[in-house]
Amino acid sequence: MSLGLVEPPNIQMAGPSSVQALVLHGEKDLRIVGPLSGTEDSLRARLIEKSKESRPLPPPAATELQIAIRCTGLCGSDLHYYHHYRNGDILVKEPLILGHECAGVVVAVGAEVTDFEIGEKVALEVGQPCGDCDRCREGRYNICKGMRFRSSAKSFPHYQGTLQGRINHPAAWCHKSVFSFGHSLSLFEPSMLRHYRAPRLPKNVSLDLGAILEPLAVAIHAARRAQIALNSTVLVFGAGAVGLLCAATAKASGSSHVTIADIDKGRVSFATRNKFAHAGFVVPMKRGQTIDEKLEIAKDIAALAARAEGAQGEPVGEVDLVFECTGVESCLQAAIYVPLLRFLCHKQAADHCSPLDQVGESCSLAWARQSRLFLYQRRRCGRWISWVFSDTRTRIRKESISF
Amino acid sequence: MGVFRYANTYQEGIDILLSKRRDMPDFGKLVTHRYKGLKGAQEAFEMARRTTDDEGRLVLKVVIEMDEV
């Protein structure tokens, strides 16, 4: 079987076939397994698996689609696994296929799936919650304890990622309307699974967009949790993919002015030139040794943010919300100072607060009790975690336990 | 309150991606580097950790595109 294979139309009746996959066996140890074309076989020995490992793929189950993966974006967690064979405290326990930001084309349809056809483009939502726990029942399946997420080593056996030729995936988690207007499907709309039909796909739509949908989903979730108010002002630290998407989502959610900050001038320029943010500024690279030095740097950055020019050239001044998308200590500390510019007393109180270099829940909670709404987002174990605080203790206590 | 991944966000994402608002960005521009096939994966992973490529262009989102089926 070669890469240029053509699926028989009645694949449901066929036996297991083998797919090409990119398997991580250790730090920077990527191996292509499965059927290879002649040219690949000899020229790329470093990537070729020597043990003749194969990845069999059975026909799709009744409620599944078989998807030929066409585009997978690389995420920070993929890079963590690639470089360290672990992601924070999550250790890889068996060879792992990476990739989860993806889109592809339907090549086979399970017997009970009626609303997808071979050849349709789909974007995949690759997390599989249990669907039965309290969290799932309240629609917060992202924090389902039984969640299996492709390319994550959290669950075992690992739910393998999308850097492979084809996968079988539940039709309920395949979204096709990214390529055409219409409804998407979710776990909680089983009736739509039977009745929904999307318009045909425009031929010129890139599957890149389907892959972008996954990191965009992260930004949307953060924006929802932050309850961005109409005409609010937002500051985003970090102009990488997540920061840019958070900025654009803040705009889409009604923020009237989004400022973005990064140490890289090129990224800031990209963000403002391409309408991801209204304004931006470059954060100087500085590292303090002592807590006092670090806090001074953070205050300087916060002051820079306040002085950054708005749409009409006026200073941004105070902001309503800060999204911290760098994971860098000084930016996280600055993100705490910025929204507090409006609350001078709180800033003074902060000077007597616990050390900010141990930024974490307890410290931020102490701050948040006195602020009205505060969000920061940081990378933990390669994932983006955001915290939003509002002004009542009850709310803080309740919300601080959730993710 | 914390946020972890996402739930029920794809429809809104689709709406944002397809938005006709003139003040919204072209999200396709986020994809700055493309690699063809799994054979290009190692190079893709190495590029994804960089902020600029050898020509000085920004590296934002690196994607691996698979062959036509």
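In the predicted model, chain A contains an open sheet of three strands in the order β3-β2-β8, paired in the antiparallel sense. Strands β3 (29-33) and β8 (96-97) of chain A lie at the edges with a single partner strand each, so one side of each has no neighbour in the sheet. Strands are DSSP runs (E, at least two residues) numbered from the N terminus, and two strands pair if DSSP finds at least two bridges between them. Five antiparallel bridges link β2 (residues 21-26) of chain A to β3(A); V23(A) has R31(A) in β3(A) as its bridge partner.

H169(A) belongs to strand β13 (residues 166-170) of chain A. With a relative accessible area of 0%, H169(A) is buried (buried, under 20%; exposed, over 50%; partly exposed, in between; 1.4 Å probe, protein chains only). A polar atom of the H169(A) side chain lies 2.9 Å from the backbone oxygen of E125(A). Residues touched by H169(A), not counting those up to four places away in sequence, include E64(A), L124(A), R150(A), Y159(A) and C174(A) (contact, heavy atoms within 4.5 Å).

For C130(A), the nearest cysteine sulfur, that of C144(A), is 3.6 Å away; C130(A) is partly exposed at 44% relative accessibility. For C174(A), the corresponding sulfur is that of C102(A), 8.6 Å away, and C174(A) is buried at 1% relative accessibility.

Residues are numbered from 1 along each chain as its sequence is written, and chains are lettered from A and ligands numbered from 1 in the order in which they are written. Local features need pLDDT of at least 70, side-chain atom pairs count only at pLDDT 80 or more, and totals for chains, interfaces and linings use all residues, while side-chain values use heavy atoms, with hydrogens and water left out.

Methods. Helix = DSSP H or I, 4+ residues; strand = E, 2+ residues; numbered from the N terminus. Polar contact = N/O pair within 3.5 Å; in protein donor to acceptor, adjacent residues only side chain to side chain. Disulfide = S-S within 2.5 Å.
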